[in-house]
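Morning, everyone. I have one structure to walk through today. Please look at it on the screen while I talk.

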Amino acid sequence: MAGVHESLYFNPMLSNGVVHANVLGVRDWVTPHKMALLVLLSELGRAGAQLGLLERRRLNRLLLPLLQGGPDMALSRLRKAIEECCPHLAGSVHIRLKLMAEGELKDMEQFFDDLSDSFSGTEPEVHKTSVVGLFLRHMILAYNKLSFSQVYKLYTALQQYFQKDEKKDGADESEMELTNPEELDGRMEKEELDGPLREEEIACSGPLSQKQAEYFLSQQASLLKNDETKALAPASLQKELNNLLKFNPDFAEAHYLSYLNSLRVQDVFSSTHSLLHYFDRLILTGAESKSNGDEGYGRSLRYAALNLAALHCRFGHYQQAELALQEAIRIAQESNDHICLQHCLSWLYILEQKIFDSCVLLEHSVNKSLHFGLPYLASLGIQSLVQQRAFAGKAANKLMDALKDSDLLHWKHSLSELIDISIAQKTAIWRLYGRSTMALQQAQTLLSMNSLEAVNVGVQQNNTESFAVVLCHLAELHAEQGYFAAASEILKHLKERFPPNSQHAQLWMLFDQKIQFERAMNDGRYHVADSLVAGITALNSIEGVYRKAIVLKAQNQMSEAHKLLQKLLIHCQKIKNTEMVISVLLSIAELYWRSSCHTIALPVLLQALALAREYSLQYLASETVLNLAFSQLILGIPEQALNILHMAIEPVLAHGAVLDKGCAMFLVAKCQVASAASYTPQKKIEALESAILNLNEAKTYFAKVDCKEQLRDVLYFQARLFHTLGRTQERNKCAMLFRQLHQELPAHGVPLINAFK
């Protein structure tokens with residue numbers, strides 16, 4: 001965020017607290033709180049070597065944010081913070097302040113005179129360019145600029161500041177006498193838990209100095225980018241910004257932070273209003289003209305139009321975004337601003353992508369960005385190209401080579417945010433291609449990385465969209481393998497890191513709903529799954545319609561499910577969502593099986609297989625082959641079904657979900673039993689024994705995801721096999737377990753062993 005212009009100076013001591021422009025020519029002024037800090041620094045210098053290393057380190061960590069421009073705080077709170085670092089020093093500070101506040105005005109004068117001596121001598125106590133030295137010099141300069149009446153007001157304010165603390169101590173002592181020990185301990189524990197300097201609790205009260213305002217704005221902007229949970233709540237932050245703007249409406253940076261805050265709550269009107277005010281104030285204050293000469297005015301205008309286009313694009317107002325982008329391009333061309341034109345070209349690709357897919361603009365943008373030395377923009381272009389080509393079915397090795405080239409740019413220029421995006425992109429690509437093991441490896445790589453950017457202590461750097469995407473994939477991967485407790489923990493962590501009102505909360509909301517839906521379907525609770533469809537549809541309409549069709553299919557409402565799937569198929573083909581097209585085709589084929597139209601299902605499955613292989617979707621191709629094997633089993637050619645099963649079962653067992661592994665092993669057992677009909681008696685017994693082992697494996701998989709309906713089918717099939725082999729005890733056990741599940745999940749009229757899934 002750009003620095004505040006020098007004319008934006010606040011002084012609460014002038015005109016009864018009304019803020020005026022800087023008439024003194026300094027960035028800061030002396031307040032009782034800052035005098036307390038000066039006393040603390042003075043006592044710290046006196047203590048010297050008496051302080052231990054740990055105490056000195058704690059005091060340094062306490063002082064740094066306060067000296068950088070933190071808001072003023074009550075003396076009692078400051079004393080408590082000092083006591084936690086060094087109790088002995090807290091007493092010395094209190095005594096020194098008491099002597100000054102209860103003494104005379106000349107004592108305060110003498111105190112500032114003594115401060116000036118800190119810089120004297122051949123080996124001064126404080127270096128002039130250090131953080132402490134700069135703070136002392138600012139305070140001495142501000143004090144020397146004060147008139148006599150202002151010095152007297154400062155002295156009076158110091159007395160009131162100290163007396164307020166004394167009154168609070170007296171009230172606390174009275175309360176301690178009237179309070180029993182248990183209540184007192186509880187109150188003290190609560191105070192300890194509150195902590196001394198939690199930044200979100202330190203709100204701007206009244207007008208701030210320029211330095212304090214800059215510190216507050218930069219701190220909140222950094223938190224919004226890196227760790228939104230630690231920033232002030234949207235309503236509280238807006239209240240503080242309104243307070244700042246009330247005292248100085250031309251504070252451009254406050255308008256920009258208000259724009260960022262409005263984006264958090266998806267408030268299109270307020271965000272647009274604040275963004276326009278930011279660029280208006282930037283032009284009015286002349287900040288751009290000072291740094292860029294006469295060209296600064298036009299620069300603000302074209303970047304204002306560009307930011308407005310980005311804002312409209314974010315909210316889906318593509319027509320307004322295109323108009324604003326055209327305006328930005330026109331002004332940039334008039335000014336011959338190639339950098340602005342490159343940003344416009346990138347946004348032009350994003351807008352045209354909503355209408356048709358074209359790599360021409362994107363490739364041109366990447367080449368031009370590299371030519372003008374814009375690595376950030378070039379890398380984003382490469383990432384977009386990789387994403388587009390992944391959806392177009394390009395080979396994974398070529399995509400990974402392209403991402404490797406972009407990674408070289410990231411590491412060369414220390415673009416940590418783009419490193420995160422690249423790894424998240426790799427995770428998503430491996431998931432798209434059905435390589436869950438590789439996706440898991442990439443997700444773990446990102447989560448274990450250390451950020452290259454320096455941030456404040458206690459601020460997490462990984463509250464970005466990349467981490468949200470990776471954590472969501474991680475939760476889904478765990479859920480697919482039956483580790484629902486681990487998936488719940490990951491989602492819980494996501495909810496804490498990305499609250500519901502945050503920018504990326506919709507990502508985990510969708511994955512949470514999808515995981516709950518799958519669990520409800522596995523458990524046979526179709527009414528619960530149906531209630532989750534509305535939530536999924538609100539977050540992703542295509543996913544919602546698909547899952548509604550799955551529920552209808554499970555409830556044997558075949559005609560309604562078929563109509564819904566046909567409409568969804570046409571829509572997905574139109575928008576070129578190949579992955580969903582294949583999933584819909586597989587569901588339509590299953591509807592044909594359930595309706596005993598087995599021959600009609602074959603062309604549908606062959607169409608799905610052709611698409612899966614064309615777009616390199618290996619896992620979906622394997623799943624389609626399994627469905628083809630089931631069709632061949634139904635059509636009476638189990639030997640051929642067994643042969644093609646060997647082509648598809650390995651990727652499923654290596655990278656598939658537990659439910660798919662169980663279905664695959666169940667299908668293998670069915671094919672083995674059907675093929676054994678023509679075997680010799682001895683070979684038939686061996687085939688049935690092998691089928692029982694495969695059924696045991698399938699049963700383990702189904703039990704892991706609590707899929708009761710499939711467990712029931714496996715137990716029924718095992719009981720029949722044990723009966724054929726004359727193993728009465730095992731048959732009775734399977735029959736008893738089958739009966740228990742059958743009472744929980746009554747059949748819907750579908751043959752128990754005639755469905756692949």
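Let's start with a salt bridge. Asp 512 pairs with Lys 495, and their closest N and O atoms are 3.5 Å apart. Asp 512 sits in helix α24, residues 505-522, and Lys 495 sits in helix α23, residues 484-497, so the bridge ties together parts that are 17 residues apart in sequence. Is Asp 512 buried or exposed? Asp 512 is buried, because its relative accessibility is 12% and the cut-off for buried is under 20%. Lys 495 is partly exposed, at 37% relative accessible area.

Before going on, a word on what you are seeing. This is a predicted model. The chain has 757 residues, and buried residues make up 49% of them. How many helices and strands are there? The chain has 35 helices and zero strands. Take the contacts between residues at least 6 apart in sequence: 65% of these join residues at least 24 apart. The exposed surface comes to about 37000 Å², with carbon and sulfur atoms supplying 54% of it.

Back to charges. Side chains of opposite charge can pair when their charged atoms come close. In this model the count is 21 salt bridges. Here are two more of them.

First, Arg 330 with Glu 327. The closest N and O atoms of Arg 330 and Glu 327 are 2.6 Å apart. Both residues are in helix α15, residues 318-335. They are three residues apart there, which means about one helical turn separates them. Arg 330 is partly exposed, with a relative accessible area of 38%. Glu 327 is partly exposed too, at 34%.

Next, Glu 363 with Arg 389. The closest N and O atoms of this salt bridge are 2.7 Å apart. Glu 363 counts as partly exposed, at 33% relative accessibility. Arg 389 is partly exposed as well, at 31% relative accessible area.

Which residues form the patch of negative charge on the surface? They are Glu 109, Asp 113, Asp 114 and Asp 117. Take Asp 114 from that patch. Asp 114 is in helix α5, residues 105-116. Its relative accessible area is 36%, so Asp 114 is partly exposed.

On to the loops. Asn 556 has a phi near 65°, a positive value in a residue other than glycine. Asn 556 lies in the loop between α26 (541-554) and α27 (558-575). It is partly exposed, at 25% relative accessibility. Ser 596 is not a glycine either, yet its phi is positive, about 65°. Ser 596 is in the loop between α28 (578-594) and α29 (598-614). Ser 596 counts as exposed, because its relative accessibility is 57%.

One last stop, Leu 62. This residue is in helix α2, residues 53-68. Leu 62 counts as buried, at 5% relative accessibility. Ile 82 is 20 residues away along the chain, and the C-alpha atoms of Leu 62 and Ile 82 are separated by 7.9 Å.

That's my tour. Over to you.

Methods
Residues are numbered from 1 along each chain as its sequence is written. This is a predicted model: local features need pLDDT of at least 70, side-chain atom pairs count only at pLDDT 80 or more; totals for chains, interfaces and linings use all residues. Side-chain values use heavy atoms; hydrogens and water are left out. Patches are made of residues with over 30% relative accessible area and no salt bridge: like charges are joined within 9 Å, nonpolar side chains (Val, Leu, Ile, Met, Phe, Trp, Tyr) within 5 Å. Accessible areas come from the Shrake-Rupley method with a 1.4 Å probe; for residues, only the protein chains shown count as cover. A salt bridge is a side-chain nitrogen of Lys or Arg within 4 Å of a carboxyl oxygen of Asp or Glu. Lys and Arg count as positive and Asp and Glu as negative; His and the chain ends are not counted. The place of a charge is taken as NZ of Lys, CZ of Arg, CG of Asp or CD of Glu. Helices (H or I, at least four residues) and strands (E, at least two) are DSSP runs, numbered from the N terminus. Buried means under 20% relative accessible area, exposed over 50%, partly exposed in between (1.4 Å probe, protein chains only). Contact means heavy atoms within 4.5 Å.
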